[in-house]
Amino acid sequence: MRNTSGHGVVGFDEPQLPALLALFRAKLGESAVKVSDHNLAKFLRWKADVARAAERFSKLREWQSTPDGSFLYTPNYLQAIQDPMLRKVLESGIIVCPDGMRDKYGHKLLVGRLRFNDFGDGRTPADIVRMALYTIEHALQDPDTQRGGLAIFQDMRDVGPSNISLSVPRMLLPALFGHYPVKMKAIYILNAPFFFSHMIFPVIKMMMPAKLQERIFFLSSLSELYEHIDQQSLFAEHGGARSHDQMAWVAARVAEEQNQASPQRVADISLLMSA
């Protein structure tokens, strides 16, 4: 199964960025006064078109002020240091962001393992969405990822109905598509159980933009996975050589939050901190 959704890092002339930022700030006016260049650049690397980037920025801001958006980010603005449940869900490893892991097309890879999700400990679908957005925002700190986009590898081994809530995609998909400056280039799904592929996924698919629907790849074997991701780049459980310590990763993110010396530096962590 070949991924034809548009490979590699999209061309972006980085030397153009200062000039584009100046035009972008002029276009946004007062709404961008408190926003760092670091965060504004994410919109321009998403689309090197000032008008389209400004439209996406405005839509994110508008959405943040709605009930659908605001409750995901208050009162702690996606800070693990202030949100014990966010930290707990991050540590569970439902979605991880291993350093340097990319697919064969150059897209930054997030790895999902829904079997680690346990709603029995008091977490809610909103907590899962907050965790996903936190992880995606961390991935978007990398300029190459801002330009080239993300891919997700979801291993659904041992996943049961109790690990899944349709409320998660109902909240997460509207947050990402049409609001965030993120390019979702592919989703690779391995070991999908029958109940998911035939009952759950058709419902989720109806919530997705048409372009994303074309970038979903159900894989039946590791050999099919290796067509898209180099084997050695994967975790040992998938035949690779990579390791990842999620507890250490979360601890490093918390340390970063602790080391922020000013509100402006805090704003650089998250798109949602730039209000």
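## Surface and burial

In this predicted model, the accessible surface of the chain comes to about 12100 Å², and carbon and sulfur atoms account for 55% of that area. Of the 275 residues that make up the chain, 53% count as buried, a class that takes in residues under 20% relative accessible area.

## Secondary structure and contacts

The chain is assigned 13 helices together with five strands. When contacts between residues at least 6 apart in sequence are considered, 75% of them join residues that lie at least 24 apart.

## Strand 4 and its partners

Strand 4, which spans residues 184–190, is mostly covered, since seven of its seven residues are buried. This strand pairs with strand 3 (residues 150–155) through six bridges, and the two run parallel; within that pairing, Asp 155 has Leu 190 of strand 4 as its bridge partner.

Strand 4 is also joined to strand 5 (residues 216–219), in this case by four bridges and again with the strands running parallel. Here Ile 189 stands opposite Phe 218 of strand 5, while Leu 190 is the residue of strand 4 that is bridged to Asp 155.

## The crossover between strands 3 and 4

The parallel pairing of strand 3 with strand 4 belongs to a β-α-β unit in which helix 8, covering residues 167–176, is the helical element.

Notes:
Residues numbered from 1 in each chain as written. Predicted model: local features only at pLDDT ≥ 70, side-chain atom pairs only at ≥ 80, totals over all residues. Heavy atoms only, no water. Buried < 20%, exposed > 50% of the residue type's maximum accessible area, 1.4 Å probe, protein only. Contact = heavy atoms within 4.5 Å. Areas by Shrake-Rupley, 256 points an atom, 1.4 Å probe, with all protein chains shown as cover. Pairing = 2+ DSSP bridges. Right-handed = clockwise from strand over helix to strand, strands pointing away.
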